[in-house]
Amino acid sequence: MINFLKFVVFMSNFVCQEWTMMMESTAWPFEEARKVIHRDTTHHPKSHRIFSTGYGPSGLPHMGTFGEVLRTSMVRFAFQKLRPLHLYPEQTSELLCVSDDMDGLRKVPGNIPNQDKMAAYIGFPLTEVPDPFQKYSSFAAHNNAKLQKFLDHFKFEYTFLSATQAYKSGTFDKALLKVLEHHQEILDIILPTLREERRKTYSPFLPISPLSGKILQIPIQNYHVDKGTVSFLDEDGSLQEVPVTGGNCKLQWKVDWGARWYALGVDYEMYGKDLIESAKLAKKVCNVLGGTPPEMLVYEHFLDHEGRKISKSVGNGLTMEEWLRYAPLESLAYFMYLNPGRAKRIFFDIIPKAVDDYLELLDAYPLQSAKEHIENPVWHMHQGNPPKKKSPITFSMLLSLVNICHAETPEHLWYFIQRYVPDAMLNEEMKEWIQHGIAYYQDRVLPQKVYPELLEEEKKSLLSLVTHLKNPEFLERDADFWQNKVYEIGKSCGFSQGKQWFSLLYGVLLGQTQGPRMGTLIHLFGPLKIAEDLEKRCSQ
């Protein structure tokens, strides 16, 4: 019994220390989670907390969508680790992924087929617009499925909510009737922010025409609070009266945002910096309805390689499918974790660095202290349980392997990888990892290759190196030996600056100005293979 009590005391102290470290952590998910914890001391405590993300399905899912869900999931996990056990030992949380699929189609995205046919559905709810890919019941259903498939692939724990279903099923009815009851107060909030011409037609409600099925941007003639209806002139001039509930009306999006927080009891949500002013209005709307606005994080947008904001409709920037063709999913999650408050360019060239940085952090994790663990991004990415595996080879080195070997399958590369990591296993995970490198090299690197035109003096220097590479005494020497030997040869051949000499070697061997450590490259491929490639280049 005494030993058991000692164990209980030990575990209690351990848990207390861990909780204290998390409360003091500077990792941004913990900083955000503490905002939600604070709600229990400033508002009525809840046994179930709602974390929410919004998704506009007017275009194909993109990096920003995934980043918002991933980041919110990280905050939710941090909250679960910090939740106030003294108030609710069984306190739970939920991540809602809400699709604004009742929004009207404003324009035809430039990256979809059958654009001429789609133009006829401008103004219709996205759930009533046919799927241009002809796979699903609607355009919204197609894009919702794409989003859910991706989130499921990453094994997110979430609840998907269609705004159309929420409007039609009655989930939003109480909020809609509250908006009707307080419509004048809401108008007083919104109208001063609009242009004078827009003020004349603005209403919190967008009725759906009983005649055409379109969402109408028109003035409301009368608000019938007692009947729960609104009256308006339809497109043909006829006077119509419809309930605000049951999917007969939708809310203008700023009002919709605040009403959603009220209806769903949202405690936490992120949004992009371009929505700062809109969020202020939505918070006021939520307050008018009697709700408490959620805690929020303002994040910066991803940019394409030219520094432009990534757009769903334009289709610029990297797609999720493209990233996953060239790199493992974890590398994308790592990129999303970094500095959410800072704008970052996301394009093909950043993939190798993202992969290698993730692998470096993963390799460092087992050697770190408990305090360092919770500051390491991989802890947050893998919900406190990073995979226990060593990276056999960096992505940069893998690209160099593919380059020199001209490999097209993982099996072609395996001999050389085993020279570098003798105990590596060619399992399915390793094959997939190698295939990423092959695809990236063939699509993104090979077309950009530029091999230098060699001067006679440069050829002499390279052939001098070839002589040493073929020396039988050196064939089994290690990477450090070759690194020093290559440097010495370059210096003896008149290259006073090592950088100039190594750049020449990278250009001749890889078709680029830089690469992995030259000694490692020679050790990896073997000096005879490198000598063969250098002789081939010098003879051209």
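Predicted model: local features only at pLDDT ≥ 70, side-chain atom pairs only at ≥ 80, totals over all residues.
The largest nonpolar core of the model comprises 111 residues. Within this core, the most contacts are made by Phe66, Trp323, Trp501 and Leu534. Helix α3, spanning residues 63–82, provides the largest share of the core, with ten residues. Apart from this core lies another one, made up of 46 residues, which include Ala166, Leu194, Val230 and Leu289. In soluble globular proteins, nonpolar side chains tend to be buried together.

When residues up to four places away in sequence are not counted, Trp501 touches Ser461, Leu462, Leu465, Val486, Tyr487, Ile489, Gly490 and Phe495. Among these partners, Val486, Ile489 and Gly490 are also listed with the buried residues of helix α21.

Helix α21 consists of 14 residues, 479–492. From its first C-alpha to its last it reaches 20 Å, close to the 20 Å expected at 1.5 Å a residue. The buried residues of α21 are Ala479, Phe481, Trp482, Gln483, Lys485, Val486, Ile489 and Gly490. These buried residues pack against four helices, namely α20 (456–469), α22 (498–510), α23 (518–525) and α24 (527–539). At the N-terminal end, α21 is capped by Asp478, a side-chain oxygen of which lies 3.4 Å from the backbone nitrogen of Asp480. Following the helix is Gly494, which has a positive phi, near 100 degrees.

At least two lining residues are supplied by each of α3, α13 (329–337), α14 (351–364), α16 (377–381) and α19 (428–445). The largest share of the lining comes from α3, which provides six residues.

Asn144 counts as buried because its relative accessible area is 6%, the cut-off being under 20%. The side chain of Asn144 makes a polar contact of 3.2 Å with the side chain of Asp101. With neighbours within four places in sequence left aside, Asn144 is in contact with Tyr55, Pro57, Ser99, Asp101 and Phe160.

How values were computed: Residues numbered from 1 in each chain as written. Heavy atoms only, no water. Core = buried A, V, L, I, M, F, W, Y, C linked by side-chain atoms within 4.5 Å. Buried < 20%, exposed > 50% of the residue type's maximum accessible area, 1.4 Å probe, protein only. Contact = heavy atoms within 4.5 Å. Expected span 1.5 Å × (residues − 1). Polar contact = N/O pair within 3.5 Å; in protein donor to acceptor, adjacent residues only side chain to side chain.
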